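Hi,

Here is the structure I said I would pass on.

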2 protein chains.
Amino acid sequence: MRLMGVLKGQHAGYRERLIVANGLKLRAFDLGRQATSADVIYDALRDAIIRGELEEGEALRQDTIARMFNVSRIPVREAMQRLEAQGLVISERYKGVVVASLSHEQITEIFQFRALVEPSVIEMAVPLMSAKSLEQAQYYCDAFGAETDPERWGDLNRHFHNCLYVDCDKPYYLSVIDKTNDLVERYVRLVLYLTQGMRNAVAEHQAILDACVAKKPKQAAELTRQHIDKAGKTLVSYLRDHTRK
Amino acid sequence: MRLMGVLKGQHAGYRERLIVANGLKLRAFDLGRQATSADVIYDALRDAIIRGELEEGEALRQDTIARMFNVSRIPVREAMQRLEAQGLVISERYKGVVVASLSHEQITEIFQFRALVEPSVIEMAVPLMSAKSLEQAQYYCDAFGAETDPERWGDLNRHFHNCLYVDCDKPYYLSVIDKTNDLVERYVRLVLYLTQGMRNAVAEHQAILDACVAKKPKQAAELTRQHIDKAGKTLVSYLRDHTRK
DNA sequence: GTTTGCATAATTGTATCCAATCTACAATAT
DNA sequence: ATATTGTAGATTGGATACAATTATGCAAAC
């Protein structure tokens, strides 16, 4: 039974949640959080952008997208307003919106930012980390190493890191990290593809995870910092060598 | 001559910028950045929210706002989509949007986040800081101390800090800081009002500025961290004492 | 060949209209 | 009285329609 599809995805700003009524044992959803057309379209476009399925600079025509989803342009425009607010597209009046692209300098800056925030979060998370999160992290770590489908590397990488962050109990930090990663994910995926999965990343992941298991917050933070720093530098140098621009 | 009014304000996601064509010495605007109705309404609503002119939890009726700006509900809805993406309002399907409110825990978290990011930015900015920025900072610092109109304290405080950040040459950091400050600004203003301007803040501001003038990045960063930490704690304790909830 | 001047087609921005849903209050039952 | 149900008006989500602007194609002029 797929009910989640009709609720606002978490990227539209909402968490799916089961509400249990007063004395009534009934698995009820908060239908006030039903997804609008704009929600669905936002999630789909966001996904396509961060997965790199839409090229940077590619135009998003309202009418084309409206027809794809069998809706009018109104909800499409609303989705685009959100994408623009998140920095995923850029719009110019009467010209339309295009998928945002980042210069090497911008990518470098964003990785520098991640290298500041994410270590801080993992440090706070370690003391609170549940066995389940650690288990999941190990699962994603192994899966990342074993996966052969390039399309999946990006997901597994991100899931792994998320597992080590979620228990920090700092929703604002997490939302910033999420939005920040959205902006560079397409490039991360590209380089994961070009480098055939950055095999050495697995060892770094395992080292971070080990530090978490050993309840060493500072060490986990420092390893995370190094990991992000290295990933950023590798990424930009690969982009310089392997792409025009 | 006021041309800027017809351009997208920077909070709509754009910086006003003079584009000089190829070999042609001509002061030309990028007219693609003309403001739409949605841009204007977004800026106005955002402003009203962060200034605390709209109470937290207050409903924003599409029709009411549309009539105020003499437009249809369409651009109003688009503005609201952006506000929601920035976390300034919360919307529920068929119920409408309300001004977002933050719990004390959320405010605490956001100040903790600021205390991580802003010191890092000022540290990067100090070596690059222009005489003009330092001058402006001193101006706003003094103005903050001398100002008697409570409405202005919030602006002056924020302008002061901004002066010390802008030269860091890290647009992404700055955009995150800006959006983060937007979320707590209404509470900062409230407490500035309740504490009659937090007179002791002026001394802290001057100390930060002095460290910048003396080109001591680490010291400026540490003072900034303390300043934000203290401001956050003062703010939350005042909110606990002086507001219901 | 390149530039200029339209006419036309595409595309976006916004107004108007309708259907779905919520809210508030009256009507009814307990 | 209190709780429940029904209904009218308010409000939102979205489709359609139209206006404003930009992009394109093509002929005329240089």
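This is a predicted model: local features need pLDDT of at least 70, side-chain atom pairs count only at pLDDT 80 or more; totals for chains, interfaces and linings use all residues.

Residues are numbered from 1 along each chain as written, chains are lettered from A and ligands numbered from 1 in written order, and side-chain values use heavy atoms, without hydrogens or water.

The contact (heavy atoms within 4.5 Å) takes 35 residues from chain A and 35 residues from chain B. A:Arg93, A:Glu109 and A:Tyr172 supply 21% of the area that chain A buries there, more than any other three residues; buried area is the accessible area (1.4 Å probe) lost on putting two parts together, summed over both. For the two chains that comes to about 3400 Å², with 51% from carbon and sulfur atoms.

There are two salt bridges across the interface (side-chain nitrogen of Lys or Arg within 4 Å of a carboxyl oxygen of Asp or Glu). B:Glu78 forms a salt bridge with A:Arg77, the closest N and O atoms being 2.6 Å apart.

B:Glu78 is also one of the buried residues of α3(B), where buried means under 20% relative accessible area (1.4 Å probe, protein chains only). Ten of the 13 residues in this helix are buried; helices are DSSP runs of H or I, at least four residues, numbered from the N terminus. Just after α3(B), B:Gly87 takes a positive phi of about 80°.

Cheers

Notes
Buried means under 20% relative accessible area, exposed over 50%, partly exposed in between (1.4 Å probe, protein chains only). Helices (H or I, at least four residues) and strands (E, at least two) are DSSP runs, numbered from the N terminus.
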